[in-house]
Every structure is written in structure tokens, then in C-alpha cells.
Amino acid sequence: MGFSLKYAIAGAARRGSEIIEETRKDAFSFMDQQLNSWNEDAREEKDKHKMKTLRMTNNMKFLKDRGFSDDQIGAALYEADGGDAIVEHIKGLEGAGQTVPVADIITFAPGYEASGKTASDWLGEAVGKINAGKPIEEAVDGGLSGMFMQSRLKSFEALTGQDPSQMRAYARADYEYGEAPSGATVTLLDPYKKAQVEKTIGGTGAYSQSEFRQFESAAGFALGVNVGYDVSGNRITPQGKENLAEMAQTAGLLALQEYNRLQTPAGGGLTESQAAVKAAEFAKAQAKQLQEAAKPAGAINEEEQIIDFSNMSIQEISDATRSQASGLDPSNPDDVKKINDLLRQAMNALIKAGEAAGMTDPYAEAAKEIGMIKKSITN
């Protein structure tokens, strides 16, 4: 039987058609799987992003109603939780009947200039804009398979009205974000301290609202840290000295209590100016005590340890300190050093015991207890 060119050509054509059809089916199948996967993931991501946008929009409105500036709101929205913790903190303060310290909650570094952006601008940048990127059909490889894939993408877009590139971006949670306000610091003062501050800066004295700031600044001077306020009333916390600023704040709070006490009959009935002078010195002393107490464990040599406070309760530490100090004379220079060393070690032990007991502010409680011990020694 002779060779037939006609049948050979027909067979080759038939095989070529089969290859094209197989390529088409494979390309369609692959793209359909991708589109179905993207569609499902995109739908879930869109719902999540919609809820996130709604939540952050509510946070923005909440802070706006409380008098926060646009840039402060921007800083809040750029927090990892979108400002949720700040809002909940404010709700807690309001629920306790306390004033919301807008200027203290979100502060900016010295020299900060307003951005000029609105709160809505910050919201849009913080929530994120979907980054569709390069159209998928342009990213698909050429060739026969690529041609079929592009065809499938166009058919999908025509039938559903959805942009495959945007759908893919949602499925991958691919967003573009702006930049957060530079130099912003969020400080959520715990309710215990906030209640004390509100109580002591009620504005009954001649110094009014500046009382707390005066004593806080005095404490900061003793620690070598500037904890002033800018012209807008925003608290300035130097970078790298946050712990010292916190100590100065606590010392200033304790000094305010001492300032009020000094003006009572029990405290000597001093005038406001006399009490202010003594309270400023008190703030400096408290700040140094807090700084000493914050030194890493082991800073005191074993042979210098006056009392072994290990495993003692707060009351046991206090009793042991009073007992040890009872044999020391505060008018004797040699004993004064021993008293100071004893109180420093006791302060450190009280803070650790307070932390173990879950106290809200172990530093303030320890400083208060040391103050009472010192008073018992000098009386």
C-alpha cells in the first residue's frame, strides 16, 4: 500500500486540533481554579476590610467628638489596633467620671509641625487602598496557553463585571498605606494614677493646673530629663528617656499629695508658697528614690545587703525596715547613710512585692510606704 500525503496531512491536522483543544481546556481549567480561589478569598477579605474601615471610622468620630486634633487622630488610627485601645481607655475614664486628658494621651516630639491633613485623610491612608497592580492579562505569558487564559479573563470580567486584577489584590490583602504622623507618642495613664492626678490638680490653689507640672518638672530636673509641655499643652517625652519621664510623672504625683498635706494642720499648715518649695524638694527626692529602685537586680553587692527581704510580704518588709531603723539615729551622719541605704533596699523590695501582688502602681505604693517609714524614723 503506497504512502498517501492526503491522509497524512489530514491526520496531522486532526492531531493539531486535538493539541489546541487540550491546551484550551488546560488553560481554562487553570484560570477557572484561580478565579474561583481569588473570588472566595476576595469576598472574605472585602468583608474584613469593610468592618475594619467602619471600626476605624467610628474611632475617628469618637476622638473628634472628644476634641482630639486631626494629627492626633491620625496617630491613633495608625496604632496596630486602629485606635481601639485609646477609645476603650477614654471610655473607662469617662465611666469613672474622670476628665479626659486629650493633650497628654497623644503627644508629639518638639518641633513637630501640623501636617494640614484632615482626620478623613488620615483614615483613608491608615485603612489602606487596594493595590491592584499590573492588569492580570498583561502579566499572563504569551503563547497559545496565554492566549486562552487572557480570553478566559476577559470573558469572566464581561460576565461578572468584576476586575480580576482587583479581585486578586483583595485575595492577597495587598494594600497601599500612607505614613503615620512622625514623632507621635501614645500614653495611656492608668486609672489609678489618673484618679490621683484629678484629685490633686483640681485647681483649688493659686498654682491651679500648673501645680502638677511644676513638681513633675522638678522631678525631671533631678533625673536629667525634660518633661515639659509645648505651647499647645502636649506633653513632651524625650526619646530614649521614657522610663525616666514615667518616674518623674510618678514623683510629681506624690509631690502633689505632699503639697496638699503640708497645707493641712497635720502637715504644719504651711502657706501655698511654703508648701510648694518643700513639695518641689520632695519631688526631687522621690524621683531619685524611684531611679535607685529601678536599678537592675544585683546592683547592690551581697555584702552590702542590710536585710534579706527575700520571700517577704509587703507588711513584713515594712515591719523589718522599721525594726532595723529603730536603732539608728537620723541626727548622726554615719547613721544617715545607713538609713538611706536601708530605705533604698526596702523601696526596691516593696516594688517587687507590689508587682508580685498585682498592684496597679507598685512604684507609687512603695514610695508612699517609704514616706511613712521615714516619718516614723524622724519622729
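## How two helices cross

The crossing of H11 and H12 is right-handed. In this predicted model, the axes of the two helices come within 8 Å and cross at roughly 145°. On the H11 side, the residues that make the contact include Leu 244, Met 247, Ala 251, Leu 254 and Tyr 259, while on the H12 side Ala 275, Ala 279, Phe 282, Gln 286, Ala 287 and Leu 290 are among them.

Helix H12 runs over residues 272-293, and its 22 residues reach 30 Å from the first C-alpha to the last, which is close to the 32 Å expected at 1.5 Å a residue. Several of its residues are buried, among them Ala 275, Ala 276, Ala 279, Ala 280 and Ala 283, and the buried residues of H12 also include Gln 286, Gln 289 and Leu 290.

If residues up to four places away in sequence are not counted, Gln 286 touches Ala 251, Leu 254 and Ala 367. Of these, Ala 251 and Leu 254 belong to the H11 side of the helix contact described above.

In soluble globular proteins, nonpolar side chains tend to be buried together. The largest nonpolar core here has 43 residues, and those with the most contacts inside it are Phe 215, Leu 223, Met 347 and Ile 370. At least two residues of this core are supplied by each of helix H10 (210-223), helix H11 (242-262), H12, helix H13 (314-325), helix H14 (333-356) and helix H15 (362-378). The largest share, 10 residues, comes from H11.

Leu 223 shows what such a position looks like in detail: leaving out residues up to four places away in sequence, it touches Leu 244, Met 247, Ala 248, Ala 287, Lys 288 and Gln 291. A second, separate core has 21 residues, and Ile 86, Ile 90, Ile 105 and Ala 126 are included in it.

Asn 59 lies in helix H1, which covers residues 5-65. Asn 59 is described as buried because its relative accessible area is 7%, where the word requires a value under 20%. Setting aside its neighbours within four places in sequence, Asn 59 is in contact with Leu 77, Gly 82, Gly 83, Asp 84 and Val 87.

Ala 119 is found in helix H5, residues 119-127, and it too is buried, with a relative accessible area of 7%. Which residues does Ala 119 contact, leaving aside its neighbours within four places in sequence? They are Met 60, Asp 70, Ile 73 and Leu 77. Ala 119 and Asp 71 are 48 residues apart in sequence, yet their C-alpha atoms are 7.1 Å apart in space.

## The chain as a whole

The protein chain contains 15 helices and four strands, and buried residues make up 37% of its 379 residues.

Conventions:
Residues are numbered from 1 along each chain as its sequence is written. This is a predicted model: local features need pLDDT of at least 70, side-chain atom pairs count only at pLDDT 80 or more; totals for chains, interfaces and linings use all residues. Side-chain values use heavy atoms; hydrogens and water are left out. Buried means under 20% relative accessible area, exposed over 50%, partly exposed in between (1.4 Å probe, protein chains only). The expected span of a helix is 1.5 Å times one less than its number of residues. Contact means heavy atoms within 4.5 Å. A nonpolar core is a set of buried Ala, Val, Leu, Ile, Met, Phe, Trp, Tyr and Cys residues joined through side-chain atoms within 4.5 Å. Axes are lines fitted to C-alpha atoms, for helices over the stretch in contact, and angles run from 0 to 180 degrees between N-to-C directions. A crossing is left-handed if the near helix is turned anticlockwise from the far one by less than a right angle, and right-handed if clockwise.
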